[in-house]
Amino acid sequence: MSTKIIGYKRENGKIGIRNYVAIIPVDDLSNNACESVAKIVQGTMALPHPYGRLQYGPDLDLHFRTLIGNGANANVAAAIVIGIEPNWARRIAEGIAKTGKPVAYFGIEGHGVLKTIEMAARKAKEFTQYATAQEKVEADLSDLLISFKCGESDTTSGLGGNPTAGRVGERLIAAGGTVIFGETSETTGAEHILARHFATKELSEKYLQTHRNYLKVIEDSGEDLMGSQPTEGNIAGGLTTIEEKALGNIQKAGRKEKCPVQSVLDLAQAPAGPGLHFMDSSSAAAEYITLMGAAGAVLHLFITGQGNIVGNPVVPTVKISANPKTVATMGEHIDVDVSGLLSRELDLDAAADKVMACLVATARGRFTCAEALGQKEFVLTRLYPSA
């Protein structure tokens with residue numbers, strides 16, 4: 001099977017498969033200005049979100065890392081940053097500018113929103129003309145950073161969908177590619193098995209400590225995972241314990257001999273090199289894909305059992321399902337039907353072939369279901385309340 005694609009080679013050498021001009025608000029107060037610019041100038045995309053005021057410490061660092069990372073993503077050709085105050089807007093713009101791509105920033109204070117919209121729209125027009133002049137180049141699927149996640153999981157996820165993703169990951173990594181997976185809480189009960197998947201003993205212990213830290217945050221609140229892990233949808237799908245869910249979840253990692261895990265990443269952290277990487281992260285779908293976009297993922301493979309409708313404005317999201325009922329009732333959201341695994345019409349390699357073909361088509365420009373339906377959830381992860 002050919003894995004040749006066409007994409008956009010950015011100034012830093014990264015390959016993107018979309019060509020957006022992103023209008024990024026620093027804070028919730030700047031959403032209106034960003035959305036106004038996007039309405040005025042065709043070919044631009046605003047990324048509104050509800051945060052950015054009175055954050056501090058690691059939470060503020062994560063906020064900046066997420067916005068900078070998504071602006072730096074290779075699917076973004078150019079970016080404009082708007083904030084109520086100019087200094088934070090400049091900080092994000094300078095972070096994005098390290099990629100070499102065009103970027104500008106504007107502060108609303110001292111100008112008012114109407115003047116800011118005018119200035120930003122004029123720059124956005126310039127950037128869209130720059131972006132639309134870019135020509136695609138030949139590349140390979142292995143040149144892309146691809147992320148994996150499962151959501152609304154059921155028994156078919158662990159039996160079919162996630163093992164298929166694991167097989168896809170093995171192929172990508174064998175070709176020199178880069179894959180990220182995560183969902184720390186959803187490895188609970190199988191963490192001792194996943195720990196054996198890491199490339200070194202030191203990485204294994206780092207992952208286990210990360211998992212312990214995650215659980216401690218939950219336990220220190222006086223709560224446990226019951227009621228949220230597994231979710232009601234998971235339970236309806238036959239996953240009655242977090243351990244059952246975790247044993248299915250870790251199938252996305254494939255086989256250790258094919259792809260040992262090379263690093264444990266912090267939230268929104270980009271991997272240092274090719275191979276399989278684990279990111280300490282929430283299991284919330286929209287937050288997770290936004291973090292992956294910040295880490296540099298330009299394509300996302302989402303495995304669902306009961307059915308999930310999440311999308312992302314920066315990262316095209318390919319959904320696969322091994323549940324025949326979901327494929328029948330929610331087919332408009334499913335890009336690849338691998339339900340033949342359960343009826344034994346497909347084996348894992350044949351299912352992986354179907355997924356690889358869809359990834360190639362998406363990387364060559366074909367819209368995913370989520371893109372066609374306009375599902376663009378851009379959700380930031382918070383660590384604790386604002387000051």
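**Figure 1. Salt bridge between Arg18 and Glu371.** In this predicted model, the side chains of Arg18 and Glu371 form a salt bridge with an N to O distance of 2.9 Å; the term denotes a side-chain nitrogen of Lys or Arg within 4 Å of a carboxyl oxygen of Asp or Glu. Arg18 occupies the loop between β2 (15-16) and β3 (20-25), and Glu371 belongs to helix α13 (residues 369-372), so the pair ties together parts that are 353 residues apart in sequence. Helices (H or I, at least four residues) and strands (E, at least two) are DSSP runs, numbered from the N terminus. The structure contains 20 salt bridges.

Figure 2. The chain is divided into domain 1 (20-133) and domain 2 (140-373), with bounds from an automatic or database domain assignment. Their centres, taken over C-alpha atoms, are separated by 30 Å. Contact (heavy atoms within 4.5 Å) involves 12 residues of domain 1 and 15 residues of domain 2. The two domains bury about 1,000 Å² between them, 56% of it on carbon and sulfur atoms; this is the accessible area (1.4 Å probe) that two parts lose on being put together, summed over both. One salt bridge is found across the interface.

**Figure 3. Salt bridge between Arg65 and Asp266.** The closest N and O atoms of Arg65 and Asp266 are 3.7 Å apart.

**Figure 4. Lining of the second largest pocket.** This pocket has a volume of about 600 Å³. Of its 28 lining residues, Lys14, Leu145, Ala270, Ala295 and Gly296 are the closest to its centre. Two or more lining residues come from each of α2 (57-72) and α10 (285-295), and α2 provides the largest share, four residues. Domain 1 and domain 2 each contribute at least three residues to the lining. By class, the lining comprises 14 nonpolar, 11 polar and three charged residues, where Ala, Val, Leu, Ile, Met, Phe, Trp, Tyr, Cys and Pro count as nonpolar, Asp, Glu, Lys and Arg as charged, and the others, Gly among them, as polar. On a 1 Å grid over the protein atoms alone, a pocket is an open set of points where a 1.4 Å probe fits, with protein on both sides within 12 Å along at least five of seven lines; lining residues have an atom within 4 Å of a point. Points are joined across faces, edges and corners, and the volume is the space filled by probe spheres set on them.

**Notes.** Residues are numbered from 1 along each chain as its sequence is written, and side-chain values use heavy atoms, with hydrogens and water left out. Local features need pLDDT of at least 70 and side-chain atom pairs count only at pLDDT 80 or more, whereas totals for chains, interfaces and linings use all residues.
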